[in-house]
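This briefing goes through selected features of the model, grouped by topic. Please keep the sequence and the coordinates at hand while reading.

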Amino acid sequence: MAIFYRVRSLNYVSKCFSSINALYLQSPIRRFYSEQATSHFESVGFVGLGNMGSRMANNLIKAGYRVAVHDINCNAMKKFSDMGVATKETPLEVAEASDVVITMLPSSSHVYDVYTGPNGLLHGGELRPWLLIDSSTIDPQTSRKLSLAVSNCTLKEKRDYARKPAMLDAPVSGGVLAAEAGTLTFMVGGSEEAYLAAKSLFLSMGKNTVFCGGPGNGSAAKICNNLAMAISMLGVSESLALGQSLGISASTLTRVLNSSSGRCWSSDSYNPVPGVMEGVPSSRNYDGGFASKLMAKDLNLGATSAKEVGLKCPLTSQAQEIYTELCEDGHETEDFSCVFRHHYSGKNET
């Protein structure tokens with residue numbers, strides 16, 4: 001009986017905190033602090049000027065932000081310096097010139113080094129930027145470690161809206177075309193106050209933002225999204241290759257899929273069969289798009305995360321094997337939809 005009442009008591013306390021939190025999340029006080037923080041994002045640092053990062057940084061410049069950039073590739077930085085954009089020699093120099101810093105890097109190790117390395121964003125433990133945003137696709141565990149490391153730092157200058165620095169993990173979906181067009185989707189983990197404050201930044205580079213919960217949840221969402229994307233691409237490719245072998249043209253079977261229960265993004269927006277759809281990588285010999293090596297990397301992240309939590313994911317494991325083999329066979333730079341041609345031996349639509 002005592003245990004029963006204790007459980008009821010704990011549930012009651014939990015509900016009270018939830019109610020208080022819900023009221024706070026909707027309160028004018030909270031909105032005031034979010035608006036105050038947003039108004040102080042005049043100087044934005046950007047580290048990582050690859051295919052995605054360069055386009056995201058360019059959209060911030062177009063939106064009127066004062067941007068400082070860094071990349072280990074001097075040619076990438078020269079493109080920005082030629083535009084009159086401030087370029088910095090190290091991530092630390094970017095941090096010292098910025099109110100907020102965004103990173104867009106290839107892997108967990110790159111992100112960890114940019115944050116914690118000798119000339120990293122967290123060097124010295126005292127930061128000028130109150131907000132750090134990582135848009136790289138990395139494992140949730142690294143995102144959570146870095147979020148904790150950021151929260152243990154102090155601010156050089158206290159603000160009314162921020163007493164200590166914060167971090168958001170905010171990977172993106174949409175690829176290079178969406179980065180160019182400013183139509184990315186951001187999946188965001190961290191504090192909701194920081195998310196609301198940064199929303200105007202996200203919407204300068206994208207059209208959708210989804211708050212996913214606490215630190216690491218944005219990274220987790222991205223891994224799960226790409227896992228589903230890989231598996232659906234394999235399913236569509238397998239279906240279309242089988243259809244061809246059974247005498248059904250890919251165009252005809254695509255029409256069936258897209259008007260039936262088999263419809264999905266891989267069939268109606270990113271069809272893998274050359275000649276079926278214009279404007280997608282399969283229409284240009286799988287050039288551009290989302291490289292198979294990046295898909296293999298994301299599947300490795302998904303498989304590792306599944307193993308760490310003890311969840312069996314047989315389809316993830318199979319997809320991981322297929323894309324690893326695809327890369328080993330020399331197709332790592334081709335779009336991931338090339339699995340139709342190179343794994344299933346699918347034919348072009350004539």
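Leu246 sits in the loop that runs between helix H10 (217–245) and helix H11 (250–258), in a model that is predicted. With a relative accessible area of 63%, Leu246 is exposed, and together with Leu242 and Ile248 it makes a nonpolar surface patch of about 300 Å².

**Helices H3 and H9**

- The axes of helix H3 (residues 53–62) and helix H9 (residues 192–205) come within 8 Å, and they cross at roughly 110 degrees.
- Because angles from 65 to 115 degrees count as roughly perpendicular, this description applies to H3 and H9, and the handedness of the crossing in which H3 passes H9 is right-handed.
- The buried residues in H3 include Gly53, Ser54, Met56, Ala57, Asn59 and Leu60.
- An α-helix has 3.6 residues a turn, so residues three or four places apart point the same way.
- Just after H3, the backbone at Gly64 takes a positive phi of about 100 degrees.
- The C-alpha atom of Tyr195 is separated by 9.4 Å from that of Met167, although the two residues are 28 residues apart along the chain.

**Helices H13 and H14**

- The axes of helix H13 (residues 292–309) and helix H14 (residues 314–331) come within 9 Å and cross at roughly 150 degrees, which makes H13 roughly antiparallel to H14.
- H13 passes H14 in a left-handed crossing, whereas the crossing in which H3 passes H9 is right-handed.

**Salt bridges**

- The structure holds five salt bridges, and three of them are described here, beginning with the pair formed by Lys78 and Asp82.
- In the salt bridge between Lys78 and Asp82, the closest N and O atoms are 3.0 Å apart; Lys78 counts as partly exposed at 46% relative accessibility, while Asp82 is exposed, with a relative accessible area of 56%.
- Arg128 and Asp99 bring their side chains together in a salt bridge with an N to O distance of 3.1 Å, and since Arg128 lies in the loop between strand S5 (126–127) and strand S6 (131–134) and Asp99 in the loop between helix H5 (91–96) and strand S4 (100–103), the pair ties together parts that are 29 residues apart in sequence.
- Within that pair, Arg128 counts as partly exposed at 29% relative accessibility, whereas Asp99, at 11%, counts as buried.
- The side chains of Asp298 and Lys297 also meet in a salt bridge, with an N to O distance of 3.7 Å; Asp298 counts as buried at 5% relative accessibility, and Lys297 is partly exposed, with a relative accessible area of 22%.

- Tyr286 is not a glycine, yet it has a positive phi of about 65 degrees, and its place is in the loop between helix H12 (265–268) and H13.
- The relative accessible area of Tyr286 is 0%, and Tyr286 is therefore buried, a class that takes in values under 20%.
- Ser345 is likewise a residue other than glycine with a positive phi, here near 55 degrees, and Ser345 belongs to the segment after helix H15 (339–342).
- In contrast to the buried Tyr286, Ser345 is exposed, with a relative accessible area of 53%.

**A pair that is separated in sequence**

- Lys145 lies in helix H7 (residues 140–151) and is exposed, its relative accessible area being 53%.
- Along the chain, Lys145 and Pro215 are 70 residues apart, and their C-alpha atoms are separated by 9.0 Å.

How values were computed. Residues numbered from 1 in each chain as written. Predicted model: local features only at pLDDT ≥ 70, side-chain atom pairs only at ≥ 80, totals over all residues. Heavy atoms only, no water. Patch = residues over 30% accessible without salt bridge, like charges linked within 9 Å, V, L, I, M, F, W, Y side chains within 5 Å. Areas by Shrake-Rupley, 256 points an atom, 1.4 Å probe, with all protein chains shown as cover. Salt bridge = Lys/Arg side-chain N within 4 Å of Asp/Glu carboxyl O. Helix = DSSP H or I, 4+ residues; strand = E, 2+ residues; numbered from the N terminus. Buried < 20%, exposed > 50% of the residue type's maximum accessible area, 1.4 Å probe, protein only. Axes fitted to C-alpha atoms, helices over the stretch in contact; angles between N-to-C directions. Parallel < 35°, antiparallel > 145°, perpendicular 65-115°, else oblique. Left-handed = near helix turned anticlockwise from the far one by under 90°.
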